[in-house]
Amino acid sequence: MKETQSSASTKISLDVLKGILAHFLLPYKSNSPLKALLVISCLGSFAWSIAGNYIVVFMEEIIGLRSSEIGYLFSLSNFAWMIMTVPAGKLADRFGRRFCIIFSYLASVPLFIIFLFTGNFIQAASVHIASSAINALGGPALGALLAEITPDKQRATVMGTLNSLTSASSSIGPVLGGYLWENYSPRTPFYVDILIDLPSIILFILYVKPLSKNRSEPKET
């Protein structure tokens, strides 16, 4: 009897959870670009969670950087990101959101691979700084694009759902990254990160189409 009640309670809880999730996913149903961006964000979050938690360990153990050098590297990279953000926004307004996002992704992949084979501070810092500047190019463009394709009245709900689901998608990544590091090689988590990211750019090109001339009304399909 207790097992039956427990099963019924579990089913009710799952039904409630499904109902809540369906409510928050409602804005995505009739909006193909928005739906694609949700999938892309989840893929990206999961991919980076596999490798991102081990980037400092990689710098120390594989590249051979000292702790102070890693600190300088991150500070310089953050500065490059900050400097690039304003012109990146202007470039996105001039050349379009899609162009900046696609260029940022395609240019960052080879830089990321090169970084994995750097052997000293100068090499690692140079590539990492360049990568940060390139990644900054897509930041304002992606934020503007997301705002443009989201209906005004649902924008906060969409952002909340997007943030929650992307966070959830990264929950098991660190465990997988550690397994790949220990059982294959220290570079394997980063290779897997790149491979998982590849479908993202394909989805973006196929489903996140150019905006209509009337930017105040997001195009829905």
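**The big picture**

Let's start with contacts: among those in the protein chain with a separation of 6 or more, 83% are between residues 24 or more positions apart. Keep in mind that you're looking at a predicted model. The chain has 9 helices and 0 strands, and 38% of its 221 residues count as buried.

**Overall make-up**

- Reading from the N terminus, the elements go α-α-α-α-α-α-α-α-α.
- The protein chain exposes about 12,700 Å², and 66% of that comes from carbon and sulfur atoms.

**The largest pocket**

- The largest pocket holds about 1,200 Å³ of space.
- It's lined by 34 residues, and those closest to its centre are Ser104, Tyr105, Ser108, Asn135 and Asp197.
- Which elements give two or more residues to the lining? They are α2 (32-51), α4 (67-95), α5 (97-115), α6 (121-149) and α9 (188-207).
- Sorted by class, the lining of this pocket comes to 17 nonpolar, 15 polar and 2 charged residues.

**Zooming in on serine 108**

- You'll find serine 108 in helix α5, and it's among the residues closest to the centre of the largest pocket.
- Is serine 108 buried or exposed? Its relative accessibility is 11%, so it counts as buried, the cut-off being under 20%.
- A polar atom of the serine 108 side chain sits 2.9 Å from the backbone oxygen of tyrosine 105. Tyrosine 105 is another of the residues closest to the pocket centre.
- Setting aside residues up to four places away in sequence, serine 108 touches Ile134 and Asn135. Asn135 is also on the list of residues closest to the pocket centre.

**Zooming in on leucine 111**

- Leucine 111 has its place in helix α5, the helix where serine 108 is found.
- With a relative accessibility of 19%, leucine 111 counts as buried, because the cut-off is under 20%.
- Once neighbours within four places in sequence are left out, leucine 111 is in contact with Val127, Ala130, Ser131 and Ile134.
- Ile134 turns up for both residues: serine 108 touches it, and leucine 111 is in contact with it.

How values were computed:
Residues numbered from 1 in each chain as written. Predicted model: local features only at pLDDT ≥ 70, side-chain atom pairs only at ≥ 80, totals over all residues. Heavy atoms only, no water. Helix = DSSP H or I, 4+ residues; strand = E, 2+ residues; numbered from the N terminus. Buried < 20%, exposed > 50% of the residue type's maximum accessible area, 1.4 Å probe, protein only. Contact = heavy atoms within 4.5 Å. Areas by Shrake-Rupley, 256 points an atom, 1.4 Å probe, with all protein chains shown as cover. 1 Å grid on protein atoms, 1.4 Å probe; cavity = no way out; pocket = protein on both sides within 12 Å on 5 of 7 lines; lining within 4 Å. Points joined across faces, edges and corners; volume = space filled by probe spheres on them. Nonpolar A, V, L, I, M, F, W, Y, C, P; charged D, E, K, R; others polar. Polar contact = N/O pair within 3.5 Å; in protein donor to acceptor, adjacent residues only side chain to side chain.
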